[in-house]
Amino acid sequence: MLTPGPRVTPAAVPGRVGGGRYSRGAVSATGPEEAEERPVRQDPDPTTTSERDVLGQYLDYQRETILLKTDGLTREQLGARIPTSDLTLAGLLYHLALVEESWFEQKFLGLEPREDWRGIDWNADPDYEFRTALEKEPQWLRDRYRTACDRAGQVIAGADSLDAVSVTARVGGKPFTLRWAILHLIEETARHAGHADLLREAVDGTVGE
């Protein structure tokens, strides 16, 4: 079963709804709900009228899902695979850390890659982050993902508006807006959260929140 763990910093995106919403433990395939309450994902605020806030809240919701699905596991469990895929929970954590920093820091702001990603020949080793994640410890991977989310949040907070345009261009030669980048991160993180659901259930039977 999942156990309480640190969460994505609420200040990662301006307007993040805080508070201590709690729910009962996740439903396991092998047993009933836990009696002990634990923190779960914060629902995006349906009353907000700020586009930046609601996009940030939905992105945080998916980030927190990734952290919940990787909480409390050993290095071996984070590296476990299902027969039909090479994906692992460890790989998803490190990949999403790369995604956060590459889109917001590198592509949007035009900054140099962080040390983790510097000098990598992505054409020769396109699965670098998925492969090397298996060599790293669970707490390091989770902290590394949180750090990447916080760095992305600083970029979002520092932009004048969602209409701000990237320094670099996407394939095709066109730049992108901050709005587009946040929506892209919501889509990609949510997609991998679905992968994480299946991987976590295969590891120990944990499903749901």
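**Close-up 1. Trp-117 and its surroundings in the predicted model.** This legend, like those that follow, describes a predicted model. Setting aside neighbours within four places in sequence, Trp-117 is in contact with Tyr-94, Ala-97, Leu-98 and Glu-101, and also with Gln-106, Trp-122, Tyr-128, Glu-129 and Arg-144. Keep this tryptophan in mind for the next view, as Trp-117 is among the residues with the most contacts inside the largest nonpolar core.

**Close-up 2. The largest nonpolar core.** Here we look at a core of 23 residues, where Ile-66, Leu-78, Leu-89, Trp-117, Leu-141 and Tyr-145 have the most contacts. Two or more residues come from each of α1 (51-69), α3 (89-108), α4 (128-132), α5 (138-158) and α6 (178-204). Which helix gives the largest share? That is α3, with eight residues. Apart from this core lies another one, of 17 residues, including Ile-156, Leu-162, Leu-185 and Ile-186.

**Close-up 3. Helices α1 and α5 side by side.** The axes of α1 and α5 are 11 Å apart, and the two helices pack at an angle of about 175°. Angles over 145 degrees count as roughly antiparallel, so α1 and α5 are roughly antiparallel to each other. On the α1 side, the contact is made by Arg-52, Arg-63, Ile-66 and Leu-67. Their counterparts on α5 are Arg-142, Tyr-145, Arg-146, Cys-149, Ala-152, Ile-156 and Ala-157.

**Close-up 4. Thr-189, a buried threonine in α6.** Thr-189 lies in helix α6, and it counts as buried because its relative accessibility is 0%. Where does its side chain reach? The side chain of Thr-189 reaches the backbone oxygen of Leu-185, at 2.7 Å. Beyond neighbours within four places in sequence, Thr-189 is in contact with Leu-59, Gln-62, Arg-63, Ile-66, Leu-96 and Tyr-145.

**Close-up 5. Lys-136 in the loop between α4 and α5.** Take a look at the loop between α4 and α5, where Lys-136 has its place. With a relative accessible area of 24%, Lys-136 is partly exposed. Leaving out neighbours within four places in sequence, the contacts of Lys-136 are with Arg-75, Tyr-94 and Leu-141.

**Close-up 6. Residues 1-38 and the confidence of the model.** The mean pLDDT of the protein is 83, and 79% of its residues reach 70 or more. Over residues 1-38, however, the pLDDT is below 50. This stretch has 100 contacts in the model beyond near neighbours in sequence. A friendly word of caution: where pLDDT is low, the predicted coordinates should not be read in detail.

Conventions
Residues are numbered from 1 along each chain as its sequence is written. This is a predicted model: local features need pLDDT of at least 70, side-chain atom pairs count only at pLDDT 80 or more; totals for chains, interfaces and linings use all residues. Side-chain values use heavy atoms; hydrogens and water are left out. A nonpolar core is a set of buried Ala, Val, Leu, Ile, Met, Phe, Trp, Tyr and Cys residues joined through side-chain atoms within 4.5 Å. Buried means under 20% relative accessible area, exposed over 50%, partly exposed in between (1.4 Å probe, protein chains only). Helices (H or I, at least four residues) and strands (E, at least two) are DSSP runs, numbered from the N terminus. Contact means heavy atoms within 4.5 Å. A polar contact is a pair of N or O atoms within 3.5 Å; within protein, one must be able to donate a hydrogen and the other to accept it, and residues adjacent in sequence count only if both atoms are side-chain atoms. pLDDT is the predictor's confidence in each residue, from 0 to 100. Axes are lines fitted to C-alpha atoms, for helices over the stretch in contact, and angles run from 0 to 180 degrees between N-to-C directions. Angles under 35 degrees count as roughly parallel, over 145 as roughly antiparallel, 65 to 115 as roughly perpendicular and the rest as oblique.
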